[in-house]
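Open the structure in your viewer and keep the selection panel at hand. Each stop says what to select and what is there.

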There are 2 protein chains.
Amino acid sequence: MSFEVTKELIEQVESLIQQQDDTAIVSLLDDEHFADIAEILEDLNLDQATYIIKLLDSDKTSDILMELDEDDREKILKNLSAKEIAEELEELDTDDAADMIAELPEERQENVISQIEDEEHKADIKELLTYDEDSAGGLMAKELVKVNENWTVLKCVREMRAQAENVTRVHSIYVVDDNDILKGRLSLKDLLVTSTKSPISEIYIPKVDSVNVHDEAEDVARIMQKYDLEAIPVVDNQQHLLGRITIDDIVDVIKEEAEKDYQLAAGLTQDVEADDTIWQHTKARLPWLFLGLIGGIGAAAIMGDFEEMINKHAILFFFTPLIAAMAGNVGVQSSAIIVQGLANDDLKGSIGNRLLKEFSLSIVNGFILAVLLFFFTWFWQNELLTSAALSISLFVVIIIAGIIGTFIPLFLDKRGIDPAIATGPFITTSNDIFGILIYFMIAKTILGI
Amino acid sequence: MSFEVTKELIEQVESLIQQQDDTAIVSLLDDEHFADIAEILEDLNLDQATYIIKLLDSDKTSDILMELDEDDREKILKNLSAKEIAEELEELDTDDAADMIAELPEERQENVISQIEDEEHKADIKELLTYDEDSAGGLMAKELVKVNENWTVLKCVREMRAQAENVTRVHSIYVVDDNDILKGRLSLKDLLVTSTKSPISEIYIPKVDSVNVHDEAEDVARIMQKYDLEAIPVVDNQQHLLGRITIDDIVDVIKEEAEKDYQLAAGLTQDVEADDTIWQHTKARLPWLFLGLIGGIGAAAIMGDFEEMINKHAILFFFTPLIAAMAGNVGVQSSAIIVQGLANDDLKGSIGNRLLKEFSLSIVNGFILAVLLFFFTWFWQNELLTSAALSISLFVVIIIAGIIGTFIPLFLDKRGIDPAIATGPFITTSNDIFGILIYFMIAKTILGI
């Protein structure tokens with residue numbers, strides 16, 4: 001089961017589009033999975049991709065569109081009429097439909113929505129658009145299978161057949177009372193093994209996990225992972241059943257979270273991909289580089305203040321990149337550990353304990369590295385005091401860098417700020433400056449200048 | 001639905017253990033979810049945690065154990081007899097059971113397996129232990145629901161009731177022939193809406209995605225994400241149905257991959273957590289810091305070679321940390337983009353195109369930053385040539401750092417080496433050295449020394 005987009009296949013599709021041989025295109029792509037067709041589209045130009053989208057059935061193209069990169073989808077949708085977009089939306093689950101509409105320019109949204117024919121679908125999508133996209137409401141779909149607690153299994157199965165038509169995957173059957181208040185759940189398995197005459201109220205499981213529609217997406221992801229859930233119902237403050245969230249949406253949340261942290265650690269404002277434009281890359285990268293520039297100028301200014309040492313102890317200036325790099329590396333290591341611990345919600349103990357641990361760890365690492373540096377510089381220059389100044393500075397700088405790297409993300413987190421911004425360029429730049437300042441101050445004291 | 005481990009709860013549990021009030025403990029914890037009890041156990045000491053595990057029923061404790069950190073689980077299992085561990089294993093799905101056994105010291109494994117009473121369960125676990133843990137075989141469970149293509153729906157439902165007992169979640173029903181060759185699938189939904197007399201062969205969906213038992217875990221994750229699958233059957237080379245992989249295992253694979261890349265970017269050998277011992281942290285961090293030390297010494301040696309410039313142009317030496325930091329930051333930015341693109345499998349175009357793009361981008365960023373640096377240093381020192389040397393060097397260094405950062409992960413990936421090791425300390429250290437060397441060479445040329 002491996003599908004690969006070959007150059008030959010792309011050329012074949014291109015030439016069929018050229019010849020406008022619609023029958024051949026349909027028969028070529030008909031058996032392919034929508035995710036595979038999406039891959040093919042990514043290798044075509046915009047006109048060709050639009051041609052294919054207009055040609056194929058919307059039950060297939062709606063899925064293809066959702067599979068594409070947001071940028072590519074946006075471009076193709078620009079080429080479709082409001083009516084054509086509405087047809088795609090009719091085929092999508094409400095959560096995907098709402099996501100697609102939210103990406104349209106505001107002036108088009110109303111227009112497209114008004115073209116949706118299925119009134120219930122339209123109302124559901126409109127409701128979903130009112131929720132914050134990073135909340136449970138923004139993740140949920142309206143499609144679900146629900147049964148009334150007063151029904152029998154037989155009536156339940158009959159009703160479900162109708163409902164299940166619209167639901168791609170039935171994870172759980174939710175049980176509600178006459179006021180649509182969530183009471184519990186049933187599994188398909190339970191239905192299979194129960195007599196058809198039993199009333200639902202006797203067989204449903206009254207304990208059901210749910211989330212509030214205004215809960216944050218990240219928290220929903222954490223709960224579903226922790227309790228190993230494949231779907232979770234979403235309720236309002238009065239426990240009315242509003243929708244459900246499935247694990248595949250959570251996989252996306254997890255991936256986005258991880259990518260965001262990774263990009264921040266690498267000095268990229270989130271949401272940039274290899275294939276974005278140079279302008280988007282510049283916007284994502286330049287602010288962090290500018291921060292680094294300011295830091296470097298700060299470091300240069302500090303060294304300027306110690307200029308009088310340069311004649312007798314030039315070697316001190318040779319080691320500033322080493323001190324700066326070590327301060328930066330240690331800072332990133334400790335902050336990354338904290339950021340990851342916070343993300344996984346598995347940091348135990350107080351801030352004090354955490355700092356104490358980092359302190360002990362830095363003493364071990366700092367001591368080993370300082371001793372190595374001491375012997376190396378001693379053999380190189382044979383100046384005992386200079387070597388001592390260098391290695392003692394390295395030792396102190398490593399300890400302070402570790403403590404800063406541990407403290408800042410914890411502090412930001414307490415303040416409700418994303419601790420991930422404390423990794424990467426932010427921590428390396430501030431540690432560069434601190435490191436070099438401490439270094440020269442210690443060297444000045446030891447060498448008695 | 002939010003559970004929180006409070007200090008009071010922990011104290012209550014501790015005091016009940018102290019008093020050995022088993023009835024009270026059982027009634028206190030009986031209604032809690034296993035994931036919540038696992039959280040409580042993490043706040044107890046080893047003896048207390050072991051006490052609880054021995055006290056509660058193994059259908060609950062087996063799930064609690066699987067929910068714990070590997071380190072904590074290992075310690076508790078050390079306190080259990082082979083018989084007690086075997087009882088936990090009986091309750092677990094085969095994939096979890098095999099994972100738990102694989103963590104035991106080798107000399108215990110045989111002993112524990114021999115104590116498992118259910119012969120089929122034992123054989124299944126033994127089979128799973130033969131697969132590589134990073135392969136489809138290492139991820140799959142033997143529990144699944146399968147039906148013969150020659151059965152009727154009625155027989156199918158009857159057989160399934162028996163099988164479903166052992167399967168936590170029924171995603172798909174797999175259809176096999178008399179030789180256990182995978183032929184297709186059925187959904188529970190299909191069974192609900194079909195007449196009980198139809199033969200399975202008439203209603204099953206013959207198109208079913210599957211993976212080979214020796215496929216890599218990462219590839220399985222990619223396929224399941226791409227095709228939005230919640231479960232996938234695993235077959236051998238002859239298409240015999242061997243097991244199935246569910247999406248919750250894939251969530252773990254995705255998280256582990258992301259964490260590994262993140263940790264490598266931060267200069268941590270993978271698999272270290274905030275609560276590991278100082279010794280584990282030293283092992284994870286020291287090698288990368290040592291690399292940084294070597295790099296710093298290299299940079300110092302380069303500067304030593306240009307020592308004659310120090311009297312007339314001390315300012316050049318003040319800016320080495322800036323040059324090194326910028327080279328490092330740019331390198332990390334470009335390599336992170338590539339590593340992420342490779343991980344998501346969405347890098348299009350040739351290496352040449354990619355390098356060209358990075359080159360153009362570096363020209364934009366480099367130019368802006370170089371101009372800023374030029375004016376700053378000109379106002380500060382009023383030496384036109386020095387400022388020119390500095391800013392031209394920064395420009396060139398940014399371009400080269402970007403190209404190195406792009407090339408190295410692509411090169412490593414082509415060679416079959418994990419490109420993620422090219423982010424973090426590796427790229428910053430090598431870029432520090434290159435950057436400073438280029439910087440002094442350019443400065444020397446321009447200033448004509």
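This is a predicted model: local features need pLDDT of at least 70, side-chain atom pairs count only at pLDDT 80 or more; totals for chains, interfaces and linings use all residues.

Stop 1: Colour by chain. Chain B can be laid on chain A by a turn of 180 degrees and a shift of 0.0 Å along the axis, with an RMSD of 0.1 Å. That is the relation of a two-fold axis. Now select B:P321: in chain B, its C-alpha is the nearest to the axis, 2.4 Å from it.

**Stop 2: the interface.** Here 95 residues of chain B are in contact with 95 residues of chain A. Select helix α17 of chain B, residues 278-305, which gives the most to this side of chain B, with 16 residues. The side of chain B that touches chain A divides into 55 nonpolar, 21 polar and 19 charged residues. The copies meet through the same surface, because 100% of the interface residues of chain B are also interface residues in chain A.

**Stop 3: the core.** Which residues touch the most other members of the largest nonpolar core? Select A:M326 and B:M326; the core has 201 residues. Leaving out residues up to four places away in sequence, B:M326 touches A:L289, A:G292, A:L293, A:G296, B:L394, B:V397 and B:I398.

**Stop 4: a helix pair.** Select residues 58-67 (α5) and 82-91 (α7) of chain B. These helices pack at about 90 degrees, with axes 8 Å apart. That makes α5(B) roughly perpendicular to α7(B). On α5(B), show B:S58, B:D59, B:T61, B:S62 and B:L65; they meet B:E87, B:E88 and B:E91 of α7(B). This contact divides into 1 nonpolar, 3 polar and 4 charged residues.

Note on methods. Residues are numbered from 1 along each chain as its sequence is written. Chains are lettered from A and ligands numbered from 1 in the order in which they are written. Axes are lines fitted to C-alpha atoms, for helices over the stretch in contact, and angles run from 0 to 180 degrees between N-to-C directions. Helices (H or I, at least four residues) and strands (E, at least two) are DSSP runs, numbered from the N terminus. Angles under 35 degrees count as roughly parallel, over 145 as roughly antiparallel, 65 to 115 as roughly perpendicular and the rest as oblique. Two residues are in contact if their C-beta atoms, placed from the backbone, lie within 7 Å. Ala, Val, Leu, Ile, Met, Phe, Trp, Tyr, Cys and Pro count as nonpolar, Asp, Glu, Lys and Arg as charged, and the others, Gly among them, as polar. A nonpolar core is a set of buried Ala, Val, Leu, Ile, Met, Phe, Trp, Tyr and Cys residues joined through C-beta atoms within 7 Å. A residue is buried if 20 or more other C-beta atoms lie within 10 Å of its own, exposed if 12 or fewer, and partly exposed in between; C-beta atoms are placed from the backbone. Copies are superposed by least squares on the C-alpha atoms of residues with pLDDT of at least 70 in both.
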